[in-house]
Amino acid sequence: MGYRLLTILFAALLGSCNIITSRPHKKTSEQRFDAFPTHNLPLTDSVTVYWNIYKVPFIEAKTDADAAFILGVTHAHLRLAQIGMRRF
């Protein structure tokens, strides 16, 4: 009986989290791409990021350090919302 009550309380707690927290606003792909940071980045040379029709990013950089940095920025840009949602 104790486990059943604990399970019900846990399910109620999870259900209330969806009611209390607001869901993020939907954005178009263009709005998400416009939000990508492009200024004041610590790069040594120019870097190009382009996206194919499946929204897969491709990075062209003259140095490995710049490519690695932009890869991290791109990954964070794509995944920070998911990480934020998983926090709760």
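Start with Lys55, which is found in the loop between E1 and strand E2 (57-61). Lys55 has a positive phi of about 65°, although it is not a glycine. At 40% relative accessibility, Lys55 counts as partly exposed.

**Whole chain**

Now select the whole protein and colour by secondary structure. Three helices and two strands make up the secondary structure, and from the N terminus on the elements run α-α-β-β-α. Of the 88 residues, 6% are buried. The accessible surface comes to about 8,000 Å², and carbon and sulfur atoms hold 62% of this surface. Among contacts with a separation of 6 or more, 33% are between residues 24 or more positions apart.

**Confidence**

The mean for the protein is 79, and 77% of the residues reach 70 or more. Which element has the lowest confidence, and which the highest? Helix H1 (residues 2-20) is lowest, with a mean of 65, while E2 is highest, at 93. Where pLDDT is low, the predicted coordinates should not be read in detail.

**The aromatic pair**

Next, show the side chains of Tyr50 and Phe58. A search of the whole structure finds one aromatic pair. Its rings belong to Tyr50 and Phe58; the ring centres are 5.5 Å apart and the planes meet at 15°, so the pair is stacked. The cut-off behind that word is an angle under 30 degrees between the planes. Phe58 has its place in strand E2.

**The nonpolar patch**

Together, Tyr50, Ile53, Tyr54, Val56 and Phe58 form a nonpolar patch on the surface, with about 560 Å² of accessible area. The two members of the stacked pair are therefore also members of this patch.

**Asn40**

Asn40 counts as exposed, with 80% relative accessibility; the cut-off for exposed is over 50%.

**Asp66**

Finish at Asp66, whose place is in helix H3 (residues 64-87). Is Asp66 buried or exposed? Its relative accessibility is 3%, so Asp66 counts as buried; the cut-off for buried is under 20%. To see what surrounds Asp66, select its contacts. Leaving aside neighbours within four places in sequence, Asp66 is in contact with Pro42, Leu43, Thr44, Asp45, Val47 and Ala61. Then pick the C-alpha atoms of Asp66 and Ser46: the two residues are 20 apart along the chain, and these atoms are separated by 8.5 Å.

Methods. Residues are numbered from 1 along each chain as its sequence is written. Side-chain values use heavy atoms; hydrogens and water are left out. Rings of Phe, Tyr and Trp (its six-membered ring) pair if their centres lie within 6.5 Å; planes under 30 degrees apart count as stacked, over 60 as edge-to-face and the rest as tilted. Buried means under 20% relative accessible area, exposed over 50%, partly exposed in between (1.4 Å probe, protein chains only). Helices (H or I, at least four residues) and strands (E, at least two) are DSSP runs, numbered from the N terminus. Patches are made of residues with over 30% relative accessible area and no salt bridge: like charges are joined within 9 Å, nonpolar side chains (Val, Leu, Ile, Met, Phe, Trp, Tyr) within 5 Å. Accessible areas come from the Shrake-Rupley method with a 1.4 Å probe; for residues, only the protein chains shown count as cover. A salt bridge is a side-chain nitrogen of Lys or Arg within 4 Å of a carboxyl oxygen of Asp or Glu. pLDDT is the predictor's confidence in each residue, from 0 to 100. Contact means heavy atoms within 4.5 Å.
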